[in-house]
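Have the structure open while you read.

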Amino acid sequence: MEIRLNKISYIANKKTQLQKTILKDITALIKNNQITVFLGPNGSGKTTLASIISLLNNIDSGNITYDNIKINNKIDKINLNILKPKIGFIYQNSCDQFFCNTVKEEIEFALDNLNYHTKDKAKRIKDSLKLVGLNPSYLDKDPLKLSNGEQKLLSIAITLSYNPEVIILDEPTLELDNHNQNKLIKLIKLMKLRYNKTIIVFTKDSNFAHQIADYIYILNNGSIIVKGLKYKIFKNEKLLKENNLTMPDLIKFSYLVETEKSVKIEYRDDINDLMKDIYRHVR
Amino acid sequence: MSGNIMIGNYFPAKSNIHNMNPISKIICTILFLLMTIFSFNIEVSGILVLLVMILIMNTSIPLTVYYYILKKLRYIIIIFFVLSSLITFSLIAGLTVGINVVLIILIVSILTLTTPPTEIVYGLEKVLYPLQKCNIKTNTLALNISMALRFIPILIDESDKILKSEASYGVDYHLNIKNKIKAIKTMIKPAIKRTLKKQKEISKSMEVRLFSIYKSRTNYRINKWGFFDTYLIIVHIAILIIIIMRGVIT
């Protein structure tokens, strides 16, 4: 599914003394079967934009087009009903997503209310957990009593269970250790390559963005500052610094070697490929 | 995250009501609640509406804030109106009760919007002090009441989050009446559960900051008693006496 954002604006606490413009004239194109990353520091409007694209918040002006369906600032019940099963949203704070007594009920709620038809619901639920590395023993557990990492994995499992076309992740690495972060990166790439999902990630973690992004938008103070392919964005040290972002470690290494030692090494996504380049140079 | 203004949340502003002593604000709130108890007809409710409007004008808080609070609690108001109309077989009586419920919500909102939570605890402790003669731990009671008020916005926030989460799974509260009922039915228990969980976290946070009800505490704000405090209490007492006398005579 292709999503077009056209001059979206959002104002919080309208007509009160605490009124604040969170998003100003956001225009972006999220291509089908691509991983688009919105990278931005704290308070840039990432979570608000994520909730708008996932249809949880109304916009104040502008419109969003999902393939041929246009959504503007009016509540369009018919189109919302069509779009909701196609969009999966994974919360920044996973515990905000849970409201059932057990893990099984959480996944069942999504399958039942989004009219996901399956011959074997129980198998579907177990497979969703297996995909994120949780075993069936979690089915009877209380979601609120799981650890932060387990809650994050569960929220991903719930979203994957009803097979949405678009998966939106808001700060997905926040509660995950290194092992689970690497697992998540592999899972995101699998969703894109094997299952042709459109994936949108909102994060402030440059290293994570570097490993998964096809296209990057830098968001700051509610506006899009710059957009482009990841190497173009990440090589620009000044731009990253101005927007309180850090250069990914692998890019930084290649960048420093080029600028300080005048040795050109390719910019790589994977450390193993970078090590091969260095070895070739040393030889 | 939602930034909503709620009953129980302090709204900073510069106004006569904000500058009042918390003790006088609590006394006025109690007097007003007594007035609503004694208001049996719509004319008296009209006088109370006028009083509340004057108080609201003196808070320098936008009317949209109060409108938003009433909008959030509209179902409670409707339930009271319907139940009292059915019990008394009178729409006028139902309307009087409905208006009184609105007034109670507004007067408590005025108190919580214009008084920081710590000041409410201070005010309650002082107002409830005479109860210590009856061996009642007024400082604990004051803290419990203040925490109860503080948890209303937390409960509403958690309910909002759950409704949004349900909406992402196709049960959208705003879509139709069937979805509304399903959303509310599924929301009540987890909202209370999550609020209680937050309550435990807040208690731990207070403990970490060495808060203890068994130790004497000082108040860093200087709460002066001004002319406006005395004036407003006298006005409230006068209106209450008039309402009671009117009830006795008629």
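Q: What makes Phe89(B) exposed rather than buried?
A: In this predicted model, Phe89(B) has 8 other C-beta atoms within 10 Å. The cut-off for exposed is 12 or fewer, so Phe89(B) counts as exposed.

Q: Where does Phe89(B) lie, between which helices?
A: It's in the loop that links helix 5 (74-88) and helix 6 (91-114) of chain B.

Q: What is there to notice about the phi of Phe89(B)?
A: It is positive, at about 55 degrees, even though Phe89(B) is not a glycine. For background, most residues other than glycine have a negative phi.

Q: Which residue of chain A has a positive phi without being a glycine?
A: Asn33(A) does, with a phi of about 55 degrees. You'll find Asn33(A) in the loop between strand 2 (20-30) and strand 3 of chain A.

Q: Why is Asn33(A) called partly exposed?
A: Count the other C-beta atoms within 10 Å of Asn33(A) and you get 16. Buried needs 20 or more and exposed needs 12 or fewer, so Asn33(A) lands in between, as partly exposed.

Q: Which residues does Ala93(B) touch, leaving aside its neighbours within four places in sequence?
A: Ser84(B), Ser85(B) and Thr88(B) are in contact with Ala93(B). As for Asn21(B), which is 72 residues from Ala93(B) along the chain, the two C-alpha atoms are separated by 36 Å.

Q: What makes strand 3 and strand 9 of chain A a pair?
A: Four bridges join strand 3 (residues 35-39) to strand 9 (residues 215-220) of chain A, and the two run parallel. Pairing takes at least two bridges, so these strands qualify. Within that stretch, Phe38(A) stands opposite Tyr217(A) in strand 9 of chain A.

Q: What is the strand order in the six-stranded sheet of chain A, and why are strand 6 and strand 10 at its edges?
A: The order is 6-7-8-3-9-10, in an open sheet with mixed pairing. Strand 6 (87-90) and strand 10 (223-228) of chain A each have a single partner strand, so one side of each has no neighbour in the sheet. The average twist from one strand to the next is 15 degrees.

Q: Which helix packs on strand 6 and strand 7 of chain A, and how is it directed?
A: That's helix 5 (residues 148-161) of chain A, whose direction makes about 175 degrees with that of strand 6 of chain A. Helix 6 (residues 178-193) of chain A lies across strand 3, strand 7 and strand 8 (198-203), at about 150 degrees to strand 8 of chain A.

Q: How do you know that strand 1 and strand 2 of chain A pair?
A: Seven bridges link strand 1 (residues 3-12) to strand 2 of chain A in the antiparallel sense. The requirement is at least two, so they pair. Ile11(A) stands opposite Thr21(A) in strand 2 of chain A.

Q: How many residues does each chain give to the contact between chain A and chain B, and which helix of chain B gives the most?
A: Chain A gives 22 residues and chain B gives 22 residues. On the chain B side, helix 8 gives the most, with seven residues. By class, the chain B side has ten nonpolar, seven polar and five charged residues.

Q: Where in chain B is confidence lowest, and where is it highest?
A: Helix 8 (residues 138-168) of chain B is lowest, at a mean pLDDT of 78, and helix 2 (residues 22-38) of chain B is highest, at 92. For the complex, the predictor gives an ipTM of 0.74 and a pTM of 0.75.

Definitions and conventions
Residues numbered from 1 in each chain as written. Chains lettered and ligands numbered in written order. Predicted model: local features only at pLDDT ≥ 70, side-chain atom pairs only at ≥ 80, totals over all residues. Axes fitted to C-alpha atoms, helices over the stretch in contact; angles between N-to-C directions. Contact = placed C-beta atoms within 7 Å. pLDDT = per-residue confidence, 0-100. Nonpolar A, V, L, I, M, F, W, Y, C, P; charged D, E, K, R; others polar.
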